[in-house]
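Here is a short briefing to read with the model open beside you. Take the topics in any order you like.

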Amino acid sequence: MNYSHFITAVSAARKASPIRLLTELMQKSPPSLISLAGGAPNPNTFPFKMATITTGDGTAVEIGEDLMKRALQYSASAGIPELLSWLKDLQKSLHNPPTAKYSPDQGQMEICVTTGSQEGLSKVRLKAEYIVASVKCNYLLL
């Protein structure tokens, strides 16, 4: 499904920030690269080295040192690639959206991780004639 008719001209004209593009490039670079462009802090200076989180059913989830460094570091604007891939696979297995198999030109399903609903809504910027409604924590275009 092509959703482009829902997007305002302002949103359609947005361009990626060059600094954010450098961040994505830096993530693909070898660990020996020291880049001053994106402002990525030295992960060895982060205050947390590891963590253990216990879920409601008593399962302990370990976050080791390497994963903690990755989690606390700046990442690509869309989110950590492995997380995005996992979320896409989850959406496909639970909901089987028809757009999952589309090409990017056809409006392939995309995932955007936000800090909350207000940030997500501010990123969308829909045309005024559409209404966004929250139904059981999912947003629908009406």
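Over the chain the average pLDDT is 78, and 81% of the residues score at least 70. Where pLDDT is low, the predicted coordinates should not be read in detail.

This is a predicted model, in which local features need pLDDT of at least 70, side-chain atom pairs count only at pLDDT 80 or more, and totals for chains, interfaces and linings use all residues. Residues are numbered from 1 along each chain as its sequence is written, and side-chain values use heavy atoms, leaving out hydrogens and water.

**The β hairpin**
- Strands β1 (residues 51-54) and β2 (residues 60-63) pair in the antiparallel sense over four bridges; strands (E, at least two residues) and helices (H or I, at least four) are DSSP runs numbered from the N terminus, and two strands pair if DSSP finds at least two bridges between them.
- Ala51 stands opposite Ile63 in β2, while Thr54 stands opposite Ala60 in β2.
- Five residues lie between the strands of this hairpin, where Gly58 takes a positive phi near 95°.

- Helix α4 (residues 81-95) has 15 residues and should span 21 Å at 1.5 Å a residue, which agrees with its end C-alpha atoms being 21 Å apart; the expected span is 1.5 Å times one less than the number of residues.
- Although it is not a glycine, Asn96 has a positive phi of about 45°.
- Most residues other than glycine have a negative phi.

**Salt bridges**
- The whole structure has three salt bridges, each defined as a side-chain nitrogen of Lys or Arg within 4 Å of a carboxyl oxygen of Asp or Glu.
- Lys69 forms a salt bridge with Glu65, with the closest N and O atoms 4.0 Å apart.
- Lys69 and Glu65 are separated by about one helical turn because they are four residues apart in helix α3.

**The second largest pocket**
- The second largest pocket has a volume of about 620 Å³; a pocket is an open set of points on a 1 Å grid over the protein atoms alone where a 1.4 Å probe fits, with protein on both sides within 12 Å along at least five of seven lines, and lining residues have an atom within 4 Å of a point. Grid points are joined across faces, edges and corners, and a volume is the space filled by probe spheres set on the points.
- Of its 20 lining residues, Met26, Pro31, Ala40, Pro43 and Gln73 are the closest to its centre.
- The largest share of the lining, three residues, comes from α3.

Notes:
pLDDT is the predictor's confidence in each residue, from 0 to 100.
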